[in-house]
Amino acid sequence: MPELAEVEWYRKQWNPGLGDHIVDLSLHARNRVFRGTNTRALKENLIGEKLLRSRARGKQTLFNFSGDNWLGIHFGMTGKIRVESANFRPDKHDHLVLQQRERALVFTDSRQFGRVRFHHAADEPDWWKSDVPEIISREFDQKFVDQFLDRHRKAPIKAVLLLQNGFSGIGNWMADEVLWRAKILPPRRAEKLRHRERAALLRAAKFVAKKSLETLGRDYSDLPRLWLIHQRWKRSGICPRHRTPLRRATIGGRTTAWCPRCQR
Ligand SMILES: [Zn+2]
């Protein structure tokens, strides 16, 4: 499932189309990704308009078009965005294709847990507004983290990091990376974390979010070499710090990897 850095990478894939008009549009109106969306309004309003800008937040993206038009894309499990040549023919999983003169902007989702939303008004849509601060923002501070941990004090810290109304955009691999950096054992209950561990958690969350937003590319190979992610899926994965074999367990429903020496 795409996490904030992957979502940011996908968002940028449509950048070649910035400033250009949508000359035609095709979509699979009955597909689940359009649930609750007026696809006729989407089509009628977007054709003839220009792609102006886009933003990513947590696991969501918002594309703003001229004429007060907004397109929201949530990637679900398998959603992807890409650019194809102008004479592109959509496949069965290419649920939305915005045709420009020079290229096609494509949204694909094989498992259809993703979602495409449309909004036509001067102001950004209600479903985009959020009071959950982005991890890299100043509002995501120790006070916010402490209050959030206190609200979920009985839960394993790994599961708390996966809650989107606190750690927006964090998914499985980033949660493990954050806990490894902060030297916190993933199954520990949130209430057991000491002050300095909570401070380390905040620092690690900001560092991992910022660094991965800056460096993540098509795959994970651009992330810093000494991160846990390069080891976590390997059968013989080792801690990048001192080569201790990693441990694994299912926590909060997700496979979790950690170093038994760094994280106790
Ligand atoms: Zn270690």
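This is a predicted model: local features need pLDDT of at least 70, side-chain atom pairs count only at pLDDT 80 or more; totals for chains, interfaces and linings use all residues.

**Domains.** I began with the spacing: the C-alpha centres of domain 1 and domain 2 lie 31 Å apart. The assignment gives domain 1 as 4-123 and domain 2 as 142-258, with bounds that come from an automatic or database domain assignment. Residues are numbered from 1 along each chain as its sequence is written.

Domain 1 supplies 8 residues and domain 2 supplies 9 residues. On the domain 1 side I found 4 nonpolar, 1 polar and 3 charged. For these classes, Ala, Val, Leu, Ile, Met, Phe, Trp, Tyr, Cys and Pro count as nonpolar, Asp, Glu, Lys and Arg as charged, and the others, Gly among them, as polar.

**Core.** Which residues touch the most other members of the largest nonpolar core? Among its 65 residues they are Val-178, Leu-179 and Ala-205. Such a core is a set of buried Ala, Val, Leu, Ile, Met, Phe, Trp, Tyr and Cys residues joined through C-beta atoms within 7 Å. Buried calls for 20 or more other C-beta atoms within 10 Å of the residue's own, exposed for 12 or fewer, and partly exposed lies in between, with C-beta atoms placed from the backbone. Helix α5 (residues 172-182) gives the core its largest share, 7 residues. I then followed Val-178: leaving out residues up to four places away in sequence, Val-178 touches Leu-161, Leu-201, Ala-204, Ala-205 and Val-208.

**Helices.** Helices (H or I, at least four residues) and strands (E, at least two) are DSSP runs, numbered from the N terminus. I looked at α3 (residues 142-151) and α6 (residues 195-215), whose axes come within 10 Å and cross at roughly 115 degrees. Axes here are lines fitted to C-alpha atoms, for helices over the stretch in contact, and angles run from 0 to 180 degrees between N-to-C directions. From α3 the contact uses Gln-142, Val-145, Asp-146 and Leu-149, and from α6 it uses Arg-198, Ala-199, Leu-201 and Leu-202. By class that is 5 nonpolar, 1 polar and 2 charged residues.

I also visited α1 (residues 4-13), where Leu-4, Ala-5, Glu-6, Val-7, Glu-8 and Arg-11 are buried. These buried residues pack against β2 (51-57), β3 (60-65) and α6.

**Single residues.** Asp-68 sits in the loop between β3 and β4 (69-74), and is partly exposed because 14 other C-beta atoms lie within 10 Å.

Gln-112, also not a glycine, has a positive phi of about 65 degrees. Its place is the loop between β7 (103-109) and β8 (115-120).

Is Ile-229 buried or exposed? Ile-229 counts as buried, because it has 21 C-beta neighbours inside 10 Å. This residue lies in helix α7 (residues 229-232). Apart from neighbours within four places in sequence, Ile-229 is in contact with Trp-173, Glu-177, Tyr-220 and Leu-223.

Technical notes
Two residues are in contact if their C-beta atoms, placed from the backbone, lie within 7 Å.
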